[in-house]
Each structure stands twice: as C-alpha cells, then as structure tokens.
Amino acid sequence: MPESMVHLKIDGKSVEVPKGSTILDAARKLDIDVPTLCHLNLEGTPMVNKSASCRICVVEVKGRRNLAPACATPADEGMEVRTNTIRVLNARKTVLELLLSDHPKDCLICAKSGNCELQDLAERFCLRENRFDGGEQSHYARDVSPALIRDMDKCVLCRRCETMCNDVQTVGVLSGVNRGFKAVVAPAFEMPLEESVCTFCGQCTAVCPTGALVERDYSWKVIEALADPDKVVVVQTAPAVRAALGEPFGMPPGTLVTGKMVAALRAMGFDYVFDTDFAADLTIMEEASEFLDRLTRHLQGDTSVRLPILTSCCPAWVKFFEHRYPDLLDVPSTAKSPQQMFGAIAKTYFAEKIGVPKEKLVVVSVMPCLAKKYECSREEFSSGGIADVDMSISTRELAHLIQRANIDFQGLPDEDFDKPLGESTGAAVIFGTTGGVIEAAVRSAVEWATGKALENVDFAQLRGFDGCREATIQVGDLALHIGIAHGLGNARKLLDAVRSGSVAPFHAIEIMACPGGCVGGGGQPYHHGHMEIVRKRAEALYREDLGKPRRKSHENPDIIRLYEEFLGKPLGEKSHHLLHTHYFKRHGI
C-alpha cells in the first residue's frame, strides 16, 4: 500500500483513503451517511468549513474514550469506527435537542422551510418533543437591508457564513461574537449589514443551513403591482435564471427552461415579458466600445488612459471595489449592468413607444443575484425620484410565485419573449457564467478592431472554473492579455497583483463575485454544497449560445434599431447619459 494512503474500517467495512482525509471523507466513500450541520465543502473553492462546532457528526472510534467529530478527525491507519451505536445516536439526538432549545419554532413561516438542514435533521431523528424546552433563549433584532435579512435568533453557530465571508469572499464582515446563549455570528459591534462593508453577494445565504440568513423577499410587492390596474408591469429575466429555474420543479440541474419561464411569467399576468439578455447585448455595445476607445488611445501613446478596463456588470463586485480599491475608481468600465441598462431603456424608449408615463411603468427583474436588490436601490439608478428598476426578485422567489399561482410549470408550452426588448444573441446568454462577459465583449471588439467577420466565436481559452485565470487573444498584431476571476477572494488576489505590478499588464479583466459566476449566485436554488450543479448550469448556457442564430451582440437587429431610433451611437451623448454611471469611495479597507 502506498505511504500516501491509509486503511481503516467503518461499520465493519474496509476503506482506503488518501492520508489527510477525515473520517467523514472515508464514510462518504463507502456511501455511509453521517449527518452533518456545520460541515460544508464546496469542492473547487476555498470553502471548506469543518469547525466541528455542532457535533452532529460524532462517531465512536475504537480505543478512544470520547466520541469524535467525523468532519474534523483525521483517518488513521488501522482505525476502527462505528457510526451507528446507541451511544452515538443518543449523543446526536441530545446535541440536536440542545440546538432546538435555543431556536425559534416558527418553521411554518420561515423563509428556509423545506430547505432548512436543521429542520431536516429534526425530521430524521423523529424529534416530536424536546427535553430541554423552556430554557434561556437569545433574542436579537432582525437586521433588514435592501438585499439580505439576518435573523440571529436562528443562528446555530455553524460558522459557514463566516468561512464564506472571510476565507472565500475575503469581505471580512462576519465573525463570532459574545458567549453562551448570546453567542452569534455578526458584523463587528453588531452593526447592521447596510452600515458595514458587506457587498450583498448573498453567498452567506447560499451556505447558511437555517433561516438565519435569507434574501429580502419582494414577491408580494410584485403581486401588488400585478394587481394594480393603473400600472403596466414588465419583467426582465437574467440569463442564469433559465438554467436553474427548473430545479425547484423536479427538473435535472442544467435543464434550460427559457420558453416555460416566459409562459409562466405571462400566465402570472405580466404585461410584457422581456429578456435581460437584450440589455446584455446593449452592455457589450457600450462596454466593448469603451474598451476599444481606451485601447486605441493607449496604443497611440495617450498616458492618461487607464488599463486594464474592468467589467462592471456585477454589483457585489462593484461595491467590493468601492470599499477596497478607491484609488482605482477610474479603472472599471462606466457601463451600467444589464439590469440597470434595461431599466433605463424601459422607462424611456419603451415607455414612449407604448405611450405610458414612466411613473406608471413598473420594471421587475428576475435575477440569480441578491446584490441586484441592492443595486436597484442605489440613488444614481433613478431619475426624478423614479427608480429605473423598481424591484428585483431571485430565482427562488420566482419559483415560489409560480408555485403560489398553481401553475403546472413542467406542462407549460414554450413561448417567446415579447418584442422589442426580448431579442438577444448567444453572446448575451453566456453573461451568466464566469468568463462569459469578456468572451461576449471579445466577439464584438475583435470584429470591430480588424474589420473582418469573425468565423469562430468560441473563445475556449476564456472558459473554465479556475478561480483566477488569464488568456491571450490575438487581434491582428496585438496580443490581448485578459484576466478573469470569480469569487471576491480571487478578485482580490488578481487586483492586488495588478496594483503591485507583479503580473504582466492586462488589457481587460472580468470579475464576478460569485463562485462560477451568476449561475452560482446567491439567489439561485440552493445547491447544498454540490458544485457540480453550478457547472451543469454553466454548460446549459453554452448550449443555448451554440443554438442561437446570432452569436455576436452587435448583430442583434433590435439593438441596431434602438441606436438608429433613439440612442444614436455607442458612447454618444444620449447613451452616455442613460447607460453609463460612476463610482464612489466608501468606508472600509
């Protein structure tokens, strides 16, 4: 047997695992189900939470007096482990009862009901009464921000959110505070999230096992708008939503449900069902034009030009940048995100087309991202006190709305988006995965720069799931050096390297806050640690791109018409006013 492997027995079954593996790893190799709560390993990311704080996974190890947490105990040569003794089962039940003794009993109205791992454990252990009820309970005020809600009475101190916020995203908002019943994971001095450096990426909600961290739900506001006869309600749907919405309805991860999604939204009463992909094509028109303008001036010797240009479609990344890199605020593209571009066009161009005052037009977005809720509340994304996008709901919220409306989602026929803000290209749909935005930009920028039709639009070198990667694209005599990062921790590494000059100069960088890009957004159906689900969603978007008749943003006929009828030209006066923004220095380091 190689020295790098260890041999042990679990419940009488032999198993061989690499040295450094835990008992939990070995048990899972044998398909032995050891229950966990605090443990979480998002393979392919730095997210490995094995704080061993909950003790639900305890097992009995021969020769040891105390029970051992399987998630944090190394597998040793010759070890004999039992996962199902009476002592183990009693210990797990006692731990679970103690956790529930300090936990609210409002499961019926909790946002995580049906997706709560603590609830699942209570059912698994058939807990119908609790020996420890009636003891002291913690009571914290709910922290409500535009995007997230923290209900710390439901915190079980698993520390998953802390690991995600600090080790993966490197935002550093959350840490353990206080002791005893008052112990909780919270921002410093228990300040509200809105006053902290939180980016509202929502990855903490994606890993929280209970209802302690959830999105702020705007679905009833959507219903109120749909019920108002004086309002015209339009909806836009982000590319990543169509690759995940089928999951809550029993469809395999990676199933494309674009047509059924459109049919469901129309059946719910939306007056117009549009596609954020239209605005993604519009974003490329502006962002790629801005990139070419900067690059051309740079090559002509203009020393005032700032490169690399950074994509700015991700609001969590933008807020992270505003807090952490205030000295580089003139580097990101000034182009608004597709969500906000859509809102600006809907409340001007489209409102004029249908003869509706913009104050009577309600724009709803369906996003995989919780930071989009925060983004549409930013003051600069409004005009005369009227927001460009009135409210944003997550993929999960849309699924709940469809279920609430008693719509047979799987049985729906496929329908098409409305015109004119529903036409899109393949370049737009890949915005939903890491590397997709920069690939879409390159498809147009290369063709514009060379003046030649691009035969092969698949830039495979820009794809992948490595946290930080770089690629070179040949454009005539120029080798474009491109950087890509997904996950804010990876973004920090890349930007720190750029700032210090320790890497070769980049011409352009794409950054997405969430692991995998938008397909892994904080508002997507919960993946419960199974990262292959996120990869399958990304694959689905590339399939949709491949099947599109047009795969370059500048070939979208409705985008061409928008410029001819309304905007004039990319980077022109009107498009600059409606489609571009600026950034702010925020507190924090």
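S145 sits in the loop that links strand 8 and strand 9. Helices here are DSSP runs of H or I with at least four residues, strands are runs of E with at least two, and both are numbered from the N terminus. S145 is buried, because its relative accessibility is 0%; buried means under 20% relative accessible area, exposed over 50%, and partly exposed in between, with a 1.4 Å probe and protein chains only. Beyond its neighbours within four places in sequence, S145 is in contact with E194, F200 and R216, where contact means heavy atoms within 4.5 Å.

A word on the source. This is a predicted model, in which local features need pLDDT of at least 70 and side-chain atom pairs count only at pLDDT 80 or more, while totals for chains, interfaces and linings use all residues. Residues are numbered from 1 along each chain as its sequence is written, and side-chain values use heavy atoms, with hydrogens and water left out.

Strand 8 and strand 9, residues 148-150, are antiparallel and joined by two bridges; two strands pair if DSSP finds at least two bridges between them. D143 is opposite R150 in strand 9. The open sheet has three strands in the order 8-9-12, with antiparallel pairing. Which strands stand at its edges? They are strand 8 (143-144) and strand 12 (213-215); each has a single partner strand, so one side of each has no neighbour in the sheet.

Next, strand 21. Strand 21 covers residues 478-486, and seven of its nine residues are buried. Strand 20, residues 468-475, runs antiparallel to strand 21, with eight bridges joining them. One of the pairs is C468 with A485 in strand 21. The two strands make a hairpin with two residues between them, and G476 in the turn has a positive phi of about 60 degrees. Strand 21 also pairs with strand 22, residues 508-512, in the parallel sense over five bridges. Between strand 21 and strand 22 the chain passes through helix 15, residues 488-500, in a right-handed β-α-β crossover. Right-handed means that, with the strands pointing away from the viewer, the path from the first strand over the helix to the second runs clockwise.

Now helix 17, residues 557-567. Its buried residues are D558, I559, L562, Y563, F566 and L567. They fall within an arc of 145 degrees seen down the axis of helix 17, so they line one face of the helix; the arc is that of the directions from the helix axis to the C-beta atoms. Their cover includes helix 8 (276-299), helix 10 (338-354) and helix 18 (573-579). After helix 17 comes G568, with a positive phi near 95 degrees.

T433 is in another loop, between helix 13 (426-429) and helix 14 (436-450). T433 counts as buried because its relative accessibility is 1%. Leaving aside neighbours within four places in sequence, its contacts include E510, G516 and Y542.

Last, the cysteines. How many disulfides does the structure hold? The count is zero, a disulfide being a pair of cysteine sulfur atoms within 2.5 Å. For C158, the closest cysteine sulfur is in C161, 6.0 Å away, so the distance is too far for a bond. For C376, the closest is in C369, 10 Å away, also too far for a bond. C158 is buried at 8% relative accessibility, and C376 is buried with a relative accessible area of 8%.
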